[in-house]
Amino acid sequence: MHIPKEPDYARPEFWVKPPAAELHNTPTKKADVFFVHGTVLHSPTDIYYDTYNEEQRKLPLRPRMIHAGTYEKTCRIFQPQYRQVTLEAHLHGWDIVRDYYAIPFEDVKNAYYHFKTMWNNDRPLILAGNSQGSFVVLALMKYLASINEFPKNLVAAYLIGATVTQTDLDELGMHLCESPTDLNCMIVYNTLAKGATKGFTIFPDALCINPLSWKNTEEIADKSLHLGFVETKEDGSQILRKHATSAWVDKKHGALIVDIYDRETAPPREHFPKGDLHSYNYPLFFKNIEANVEERVNAYLLSKKN
């Protein structure tokens with residue numbers, strides 16, 4: 001197995017966008033987000049993304065826009081390049097993939113410490129990710145908790161597209177968010193079309209938050225609460241669709257269910273179960289996440305004044 005050379009986070013090319021650009025935004029941004037993107041590399045032969053490959057380093061730019069972009073209004077974004085596991089390597093089975101994840105964990109841990117030491121300076125902090133990135137951030141949070149270095153300036157963690165269980169929360173000393181302004185809590189969900197029951201990243205005992213209500217209760221949140229689905233075309237142009245879907249939590253399957261698609265009409269994705277809207281976890285609720293990040297950070301800042 002080829003393992004690429006580890007990145008050096010003191011060098012700007014090992015961040016998806018140079019940190020210097022984010023540091024210029026300090027006066028206008030209230031918080032920082034340490035964001036780890038999901039799987040971007042397809043390869044039938046490689047296990048790991050190579051952060052020294054210039055072409056591969058361009059791949060996270062789209063997630064920067066359609067996923068991390070939800071935090072941009074309120075936060076400076078620090079998004080590391082890391083030796084993530086390729087999509088095809090995940091097909092070897094999760095028992096094997098867990099071992100593969102030791103490499104991305106080391107990179108993300110090193111990137112986090114560089115970020116905290118050099119740039120964060122106890123500013124309000126959000127830990128966030130998508131898919132593989134969320135799983136790795138969860139591992140990072142567990143590590144920090146185990147050595148008593150869990151960040152005291154944490155606003156919340158948005159670990160979207162991963163499975164988080166009550167056991168995980170107990171290990172972290174955290175809880176699921178119960179309102180739009182709850183603090184030091186976890187937001188997690190995996191989206192399925194109406195009628196679907198399986199997701200590629202939904203494992204037993206998965207917990208779920210509804211991003212229309214920011215609760216984990218099962219009542220239907222009406223589409224009137226939906227602030228906007230941001231669809232991004234291949235050319236980078238975007239279309240905003242407001243009030244596009246209702247949503248509710250299915251606790252039996254550990255998933256967020258939407259009615260914009262059903263199991264038969266959901267856009268297919270190779271290797272993913274029918275009706276799994278994994279690729280839409282962020283875009284479907286882009287404007288709701290964007291608004292909530294601002295609301296939650298404001299609640300954190302207010303709590304520090306009291």
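Visitor: Before we start, what should I know about the numbering and the model?

Guide: Residues are numbered from 1 along each chain as its sequence is written, and side-chain values use heavy atoms, with hydrogens and water left out. As this is a predicted model, local features need pLDDT of at least 70 and side-chain atom pairs count only at pLDDT 80 or more, while totals for chains, interfaces and linings use all residues.

Visitor: How do I read a nonpolar core, and which residues have the most contacts inside the largest one?

Guide: A nonpolar core is a set of buried Ala, Val, Leu, Ile, Met, Phe, Trp, Tyr and Cys residues joined through side-chain atoms within 4.5 Å. Buried means under 20% relative accessible area, exposed means over 50%, and partly exposed is in between (1.4 Å probe, protein chains only). Here the largest nonpolar core has 87 residues, and Phe-34, Tyr-71, Ile-126, Met-141, Tyr-158 and Met-186 have the most contacts inside it. A second, separate core has 7 residues, including Trp-248 and Ile-257.

Visitor: What is Phe-34 in contact with?

Guide: Contact means heavy atoms within 4.5 Å. Leaving aside neighbours within four places in sequence, the partners of Phe-34 include Trp-15, Phe-78, Tyr-112, Phe-115 and Ile-126. Several aromatic residues come up again in a cluster linked by ring pairs: Tyr-9, Trp-15, Phe-34, Phe-78, Tyr-112, Tyr-113, Phe-115 and Trp-119.

Visitor: How is a ring pair judged?

Guide: Rings of Phe, Tyr and Trp (its six-membered ring) pair if their centres lie within 6.5 Å; planes under 30 degrees apart count as stacked, over 60 as edge-to-face and the rest as tilted. By this rule the structure has 25 aromatic pairs. One of them is edge-to-face, between Tyr-71 and Tyr-158, with 5.7 Å centre to centre and 85° between the planes.

Visitor: Which other ring does Tyr-158 pair with?

Guide: Tyr-158 also forms an edge-to-face pair with Trp-214, at 6.4 Å centre to centre and 75° between the planes. Trp-214 lies in the loop between β7 (191-194) and β8 (229-232) and Tyr-158 in strand β4, so this pair ties together parts 56 residues apart in sequence. Trp-214 counts as buried at 5% relative accessibility, and Tyr-158 is buried at 0%.

Visitor: And where does a charge sit over a ring?

Guide: That label applies if NZ of Lys or CZ of Arg is within 6 Å of the ring centre and within 35 degrees of the ring normal. Arg-57 lies over the face of Phe-14, 5.9 Å from the ring centre. The charged end of Lys-109 sits over the ring of Tyr-143, 4.9 Å from its centre.

Visitor: How many disulfides are there in the whole structure?

Guide: A disulfide is a pair of cysteine sulfur atoms within 2.5 Å. The search finds 1 disulfide, joining Cys-177 to Cys-185 with S to S 2.0 Å. The torsion about its S-S bond is about 85°, so the disulfide is right-handed. Both Cys-177 and Cys-185 are buried. Cys-75 is in no disulfide, and its nearest cysteine sulfur, that of Cys-177, is 14 Å away. Cys-208 is in no disulfide either, with the sulfur of Cys-177 12 Å away as the nearest.

Visitor: What is the strand order of the open sheet?

Guide: Strands (E, at least two residues) and helices (H or I, at least four) are DSSP runs, numbered from the N terminus, and two strands pair if DSSP finds at least two bridges between them. The open sheet has 6 strands in the order β2-β1-β3-β4-β6-β5, with parallel pairing. Its edge strands are β2 and β5 (175-176), each pairing on one side only. Within it, β4 and strand β6 (residues 185-187) pair in the parallel sense over 3 bridges, and Ala-156 stands opposite Cys-185 in β6.

Visitor: Are β8 and β9 parallel or antiparallel?

Guide: β8 and strand β9 (residues 238-241) pair in the antiparallel sense over 4 bridges, with Glu-231 opposite Ile-239 in β9. Their hairpin has 5 residues between the strands, and Gly-236 takes a positive phi near 95°.
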